[in-house]
Amino acid sequence: MIEDAYPLSPLQEGFYYHWLRFPASGAYFDQVCFRIRGSLDVTTVEESYRQLVARHGILRTFFTGQIGGQPLQVVRKEVVADFRYLDERETSTLPPGVLRSKDRLHGFDLHKGPLMRLTVATFPEEEYEFIWSHHHILMDGWCMSILMKDFFAIYYSLLKKEPVRLKPVRAYSEYIKWITRRDQRASLTYWREYLSGYEPSSSIFEVLGKNGQPCRTGAQ
C-alpha cells in the first residue's frame, strides 16, 4: 500500500540519473559503523529499528521513472525493516572490516528498496558492531545523526517499558513542495551576483543551466 508519492529534489535527480547509468557503482553508498561494549538486548534493538522505519517515511521510500513520465519517490505505508544480526559463530573468525566490505557488496536497488539497512554483529567480551548503510539519495550526514538519536531514544524507552516520546516528524514532501514554489530564475540571479567576484567561477551555473533549470548531471 502506498502512503505518498512526489517528485525528486534537483539533487536527488542527479543521484537517480547516476544510478540508472551505473547501478553497480558504490559512489553514493553511505555507511556509518561503530562498536559498543556492554549489555545489549538484540531483540529490542531490532524492534527499535522497526519502529524507526515506521516513524520516518524516507526509510520506506523507493524511486521510479515509470509513472507519469517523471521520476518519483514513492513512500510505502509499511515495509519489512532490513535488519540483520550476526552472532559470534559468524563473526569470530572474520578479520576486521570484512563485514563492512561484504555489506557494501549488496548495494541498493533504488527501484525496490528499502534503501537503508542495519546490521548488528556480536564479538567476544560483549562487544557489538553496528553497521548502518544507506543510499545517499535518501539523506545526508546531518539526517543520519537525527535518525540515530531517535533510534536510541526508542531503544531506551522500550528497555524501560516506557512510552516512546518523540516530536512529530515532518514529511520530506513538505520540502519538495517548498522548493517547487520558489522562483528559480530569481535564485539563479542571486547566486550569479553573489559569486560574481570569485575566481575561478563557480560551477553552479553549469549545474543549473542557462535557463535556471537543474541539469540531471549536476549532482555527479
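On a 1 Å grid over the protein atoms alone, a cavity is a set of points where a 1.4 Å probe fits but cannot get out, whereas a pocket is an open set with protein on both sides within 12 Å along at least five of seven lines, and lining residues have an atom within 4 Å of a point. Grid points are joined across faces, edges and corners, and a volume is the space filled by probe spheres set on the points. The model is predicted, so that local features need pLDDT of at least 70 and side-chain atom pairs count only at pLDDT 80 or more, while totals for chains, interfaces and linings use all residues. Residues are numbered from 1 along each chain as its sequence is written, and side-chain values use heavy atoms, with hydrogens and water left out.

The structure holds one cavity of 30 Å³ or more, and the volume of the largest cavity is about 30 Å³. Its lining includes Tyr49, Val53, Asp82 and Met116, and divides into eight nonpolar residues, no polar and one charged (Asp, Glu, Lys and Arg count as charged, Ala, Val, Leu, Ile, Met, Phe, Trp, Tyr, Cys and Pro as nonpolar, and the others, Gly among them, as polar).

The second largest pocket has a volume of about 180 Å³. Of the 14 residues that line this pocket, Pro23, Ala24, Ser25, Gly26 and Gly107 lie nearest its centre, and the lining comprises eight nonpolar, five polar and one charged residue.

In helix H1, residues including Phe15, Tyr16 and Trp19 are buried (under 20% relative accessible area, with exposed over 50% and partly exposed in between, for a 1.4 Å probe and protein chains only).

How values were computed
Helix = DSSP H or I, 4+ residues; strand = E, 2+ residues; numbered from the N terminus.
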